[in-house]
Amino acid sequence: MEFDEESHVDNEEDNIDQQRKRSSIPDVTRRTPSIITRITPANPVATRNEHLLVTDITPCRNFSLFFGLTLRSIGVIFGDIGTSPLYVVNTIFDYEPDPSQCIGAISLIIWNLIIVVSIKYAILILMADNHGEGGTFALCGLLTDERIKLSRRVKLTILIVSLVAAAMLLGDGALTPAVSVLSAIEGLLIDVPSIESWIVPIGVIIIVLLFLAQRWGTSRIGTAFGPIMFLWFLCLFIIGIWRTTMRPEILKAFNPWEAFHYLLKEKKRGFYQIGGVFLSATGLEALYADLGHFGRWPVRCAWFFVVFPAVLFNYLGQGALLISNPSLIDNPFYHSIPEWSHWPMIVLATLATIIASQAVITGSFSLISQAIGMECCVPFKIYHTSKTIIGQIYIPMINYILMILTIIIIVGFQKSSRITNAYGVT
């Protein structure tokens, strides 16, 4: 659905409904070709008639909508986790590992994906929605509700912690596009070193196009990005299976004892390597922050049936490669693919890393809308970009602020390697 940023609501429509004060769902306006519909928690009937809450979306109730949202969530939410195989393994090892070290490190990655991403986030945390919304302020709204018997001081502390966490996520919203786009373009320097002086201008152009595309809404962006990311995950899965069959002993990594034994054996060095292991869950917060855009069941389905198998077997494949030839640790991902597919994979990886920025941008919109609803933020114009899903929104002011900050970061740091420390902190 197209909409014009210059469209506005009459002054009487801008009065804030008093019944909205305690709700985490912000009061928003939605521009349609004929009317402007006002949606508030005080008018739940109108809300349900116009939109679906994402908690209502299950494969049994509306399979076509569920399938569409699942595909779009692949393109919007899982870009960061999906592109982590590009750099995780060679970040963990700065030396040539022996077979037992390969198996132990891959085991740590596998159980990180199982325990932290699959069990903690995909199963448990996604159940903690606040009227279908997820993220920092959604959780804060649940904990500070009037029905929760906590002291005023405790609730104030929770709110302050939520504000700090939200600030970190917004910082991530500016840093992630910068580091993702620069790292993608810098990958071309391997084969075309002459374009080094063009890295920053190309990065700025891509960032401007990426943020300008936000005005078309999560649905259209997800529809465009979803098939590309699905192809990316399919390639990860096929490459991983192919490499794993060459050295099937890497399957020992499914044994949790291998992970514990690796840490016990490596001691201090193994402890430091855990930081690299957790890079395999990069962008994990997007699963919860973007909950209002897609719903828990589409997100869960995308993770368990597409993303998780793809990244899991790709890590196994890289481990199998290093068991065969540890000297390829400089870039195990690109060494694991056939030579004839080198350039196509570079192009696909570049597209995937650019798309990886989308999850945090979309999550920032949800975060600000919830902050407005809880009166923790000045009001901005919020547009619904979907006639079906209430959580799919667009905030022009936040979009352009993030775009300007991202451009400043790219121009100021020049190289992705210089951004990683700030990126790691957030």
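A crossing of two helices is left-handed if the near helix is turned anticlockwise from the far one by less than a right angle, and right-handed if clockwise. By that convention, helix H17 and helix H18 make a right-handed crossing, where helices (H or I, at least four residues) are DSSP runs numbered from the N terminus.

Before I go on, this is a predicted model, in which local features need pLDDT of at least 70 and side-chain atom pairs count only at pLDDT 80 or more, while totals for chains, interfaces and linings use all residues. Residues are numbered from 1 along each chain as its sequence is written, and side-chain values use heavy atoms, with hydrogens and water left out.

To stay with that pair, the axes of H17, residues 358-373, and H18, residues 396-413, come within 10 Å and cross at roughly 135 degrees, the axes being lines fitted to C-alpha atoms over the stretch in contact, with angles running from 0 to 180 degrees between N-to-C directions. H17 and H18 are therefore oblique to each other, since angles under 35 degrees count as roughly parallel, over 145 as roughly antiparallel, 65 to 115 as roughly perpendicular and the rest as oblique. In contact, meaning heavy atoms within 4.5 Å, are Ile 361, Ser 364, Phe 365 and Ile 368 of H17 with Ile 398, Asn 399 and Leu 402 of H18.

Let me turn to H7, residues 152-186, whose 35 residues should span 51 Å at 1.5 Å a residue, in agreement with the 50 Å between its end C-alpha atoms; the expected span is 1.5 Å times one less than the number of residues. H7 has a kink of about 30 degrees at Leu 175, shortly before Pro 177, the bend being the angle between axes fitted to the seven residues ending there and the seven starting there.

H7 packs against H8, residues 199-212, at an angle of about 130 degrees, with the axes 10 Å apart.

Finally, the axes of H5, residues 99-124, and H14, residues 296-324, come within 9 Å and cross at roughly 170 degrees, which makes H5 roughly antiparallel to H14.

Conventions: Helix = DSSP H or I, 4+ residues; strand = E, 2+ residues; numbered from the N terminus.
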